[in-house]
Amino acid sequence: MSEPTLDILGIGNAIVDVLARAEDSFLDAHDLTKGAMRLVGPEEAEALYAAMGPGTESSGGSAGNTCAVAAALGARVGFLGKVADDQLGRVFAHDIRAAGVHFPTAPLTQGAPTARCLILVTPDAQRTMNTFLGACVHFSAADVDAAEVARAKVLYMEGYLFDPPAAQAAFREAARIAHAHGRQVALSLSDAFCVGRHREAFRALVREEVDILFANESELLALYETDEFEAAVDLVRGEVALAALTRSAAGSTIVAGAARHEVAAVPTKVVDTTGAGDAYAAGFLAAHTQGLPLPECGRWGSAAAAEVISHFGARPQGDIKALVVAGTGNRPVSIVLG
């Protein structure tokens, strides 16, 4: 096997994020479920965009955010995702490349426009996402660049991409290529509602192809259709080699075979939870691809997430590498075996 020249290759929806503040009354008026992600058509996307308050625009998408944060932490990162050959597509490509991420996917030259996610942030810092997938639905196995997958230590795929029809085949193809070259495959479940839509397909993918699973507590419970976190932990332990399970202020639980590590959350003032899980995965994988111990991987994830939720938007605003790496080796993390 050749030596990898990338640490992480992300595959996901290439989306331009539009973030705006909103009151709970706005969500109620538009029948929106706080904290959830839902898919919308072009007409509803236009209507909601027109009703939103002033916003900020940036390249986003779950895996795109993870890739950008991981690059800021010093990892060598690439990203595969479909944009259109339009203004927003060019904005996305420029932004993610400027963040230090290799982005080789050719744009869609005709048909749907570049995807956008309308994100409403309420005063309690919860984010409610309304996504028009646009060009994303055209990402297929044909867009899985075998050479790019083969040269990355870890292939990282976002669960949100499961919604387009051709995505599950693309995931399977990418995982096959990665494993053929001795690489690891990581999956983020992304959203409990997304898990509910594709539960059996996710379960099969986790059992058969995934080496590293990222999920928050609600996503994990949705995957295994249980209300008990410990029951879900027992189930995931039997299906995947490594799982990093986030629990908001309660920190994260990392399960690897018989080993279990509890990692504390890094205290911070919460301004906007957009991208918290994305940043956690970025920190975890940036450390993991350096060969750091699992508790330290969890600490990197927690520190990266704390930086991202301390301000508006899902991308780092300060020197996140100095912030995260500064504590390496200095902070104890409890370890529980069982």
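**Cysteines and aromatic pairs**

There are zero disulfides in this structure. Keep in mind that this is a predicted model.

Take the cysteines, then. C67 is in no disulfide. The nearest cysteine sulfur belongs to C136, 14 Å away. The cut-off for a disulfide is 2.5 Å between the sulfur atoms. C67 is also buried, at 1% relative accessible area. Now C117. C117 is in no disulfide either. Here the nearest cysteine sulfur is again that of C136, at 10 Å. C117 counts as buried too, with 4% relative accessibility.

On to the rings. The structure holds eight aromatic pairs. I will show two.

First slide: F92 and F103. Their ring centres are 5.5 Å apart and the planes meet at 65°, so this pair is edge-to-face. Where do F92 and F103 lie? F92 is in helix 4, residues 87-98. F103 is in the loop between strand 6 (101-102) and strand 7 (115-121). So the pair ties together parts eleven residues apart in sequence. Both F92 and F103 are buried.

Next slide: Y156 and F214. The centres are 6.0 Å apart, with the planes at 70°, so this pair is edge-to-face as well. Y156 sits in strand 9, residues 152-158, and F214 in strand 11, residues 212-216. The pair therefore ties together parts that are 58 residues apart in sequence. Y156 and F214 are both buried. They also belong to one aromatic cluster, together with Y280 and F284.

Last item, a charge and a ring. The charged end of R247 sits over the ring of F229. The distance to the ring centre is 3.7 Å.

Methods
Residues are numbered from 1 along each chain as its sequence is written. This is a predicted model: local features need pLDDT of at least 70, side-chain atom pairs count only at pLDDT 80 or more; totals for chains, interfaces and linings use all residues. Side-chain values use heavy atoms; hydrogens and water are left out. Rings of Phe, Tyr and Trp (its six-membered ring) pair if their centres lie within 6.5 Å; planes under 30 degrees apart count as stacked, over 60 as edge-to-face and the rest as tilted. Helices (H or I, at least four residues) and strands (E, at least two) are DSSP runs, numbered from the N terminus. Buried means under 20% relative accessible area, exposed over 50%, partly exposed in between (1.4 Å probe, protein chains only). A charge sits over a ring if NZ of Lys or CZ of Arg is within 6 Å of the ring centre and within 35 degrees of the ring normal.
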